[in-house]
Amino acid sequence: MKDSIQDRISELLDNLEKTDNPIFITIDKDWLWKHVKEQATIEGPLSGKIIAVKDNINVRGLPTTCASRILETYYSLYDATVIEKIRVAGGILLGKTNMDEFAMGSSTEYSAWGEVRNPIDETRVPGGSSGGSASAVSAGFVDYALGSDTGGSIRQPAAFTGTVGLKPTYGRVSRYGLTAYASSFDQIGPITKTVSQSAELLNVIAGKDSRDSTSADVPVPNYLKTLQEKVQGYVVGIPWHLLEKGVDEDVLESFKDVISRLEKEGVRFKKIELKYADYAIATYYILATAEASSNLARFDGVRYGVNAKEQLQDLFSYYAKNRSKGFGPEVKRRIMLGTYVLSSGYYEAYYTRGQKVRNLIAQEFFTLLNEVDALMFPTTPTTAFKLGENVDDPLKMYLNDVFTVSVNIAGLPAISVPGKPGNHGLPVGCQIIGNAYEEGTILQLGHTIERSRI
Amino acid sequence: MSISREEVLHIAKLARLSLTEEEVEMYTHQLGEILNYIQKLNELDVDNIEPMKHVLHIVNVLRDDKNLPSLSREDVLKNAPEHDGEYFKVPKVLKTE
């Protein structure tokens, strides 16, 4: 007989008090106990499951800070659609997790609530921007977590913490109630210990939502069922040319090990070429920052957020003061870059060119995925880097996203699954990319990798 | 490719940010580096390529023009740093004669 859910929560809260790792931004005990009581009466697919939520997803009655000072005092007045669905399914929301401010970062070091340390090795970053969610799962504080992925923010922290991270197809999961960073890239998805848990959570959160006009009206299969289907006969494309340089030896070795395990299950591999992959980071950082500069214009300290509490004579200084005080360095950097590429005189040269290259990158993926069932390459070129290693060199930090951003550019689904650990026992993620709305295929392949570990 | 100090100040103004002297220096350097990297896209010939605005084939999404429940004024104002119970408060926008 398992402990009651109340006992489990009490134990978790005790354990959380003992750690000084800021994995969570908010755990409101009064709110939580009331919520546990409400949820206890609901029989559903997530009954008894404890779930952490990235702090850019609105949960009614809790703060949504996006790890930013500018939203320090903000309380959510409504539930995101994914949260509504989890409540109906009986899941228990433990609290809100730390992240890079407004989901901008790859290490969870750019947070006004302090940097999160990787539970596997506390001298290293957990990845980002969903580093709190990935760490909460990795450290065993929750069963499942929700993250958001704009350029790798679910998959990269999953790879760094030895967890499974799934970015669904753009439009698969409603973005209603997710604080927008780059609206044409953002997508909510699960971070879990196992692939079948990700399938279970996706079952609950996927589907068309009338409150998100970009959510797709495509039938959602039962992913737990598709998981059982055989992978024999699948053809998976590998862009070997991308792995020739810049990928650490231990990552490459782990990747090759995954290949041989899938081969034993009857998966065939084909060498493919992604000739525009090299342009993905430049394209991403033009388009995503452009969208961010527009999306973050709403944070002006008038309707919500903090204001600088100074007597100012004019509106311009009022906005500038509030925003400059409220935003951290990386958010300002991306707003500046995005404003620049959209500004008069530079728009065509940067923004329009970026959109054209986006088309090239996306079409190349679409064409390849007509020929093969999935693509596969490592989630990241290295294992988790040291805290502070890249924090002062933004370009170097951006280059870490080399294997993840192109997937968001093309809007495709991708999963990061742990392979054989690398040097010092650090986790290594293997990434599988599928055709649009074919999460079932990549979940099956991921599940096969996981089972072959034994 | 580099970006001048004046350009950084201009962009900050457009973005409604006021930067410290230290930040101006840092962003002039860092944005220059990032823009330099982005020049990479000039290697590609994109003359006959359509700009991709969205990966989905989106058409207009319409719904019936019906009243649906929305947030109450009282709740919404709770998040406002300054309000008078009915409206958000901001510094004076219009000048008196």
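1. Helices here are DSSP runs of H or I with at least four residues, and strands are runs of E with at least two, numbered from the N terminus.

2. This is a predicted model, in which local features need pLDDT of at least 70 and side-chain atom pairs count only at pLDDT 80 or more, while totals for chains, interfaces and linings use all residues. Residues are numbered from 1 along each chain as its sequence is written, chains are lettered from A and ligands numbered from 1 in the order in which they are written, and side-chain values use heavy atoms, without hydrogens and water.

3. The buried residues of H8(A) (under 20% relative accessible area, with a 1.4 Å probe and protein chains only) include A:Val251, A:Leu252, A:Phe255 and A:Arg261. Their cover includes strands E7 (235–238) and E8 (268–271) and helix H15 (439–451) of chain A. After H8(A) comes A:Gly266, which has a positive phi, near 95 degrees.

4. Chain B has three helices and zero strands, and the C-alpha trace of chain B spans about 55 × 45 × 30 Å along its principal axes. Of the 97 residues in chain B, 29% are buried.

5. The radius of gyration of chain B, taken over C-alpha atoms, is 23 Å, whereas a compact globule of 97 residues would have one near 13 Å, by the rule of 2.2 Å times the number of residues to the power 0.38.

Technical notes
Buried means under 20% relative accessible area, exposed over 50%, partly exposed in between (1.4 Å probe, protein chains only). Contact means heavy atoms within 4.5 Å.
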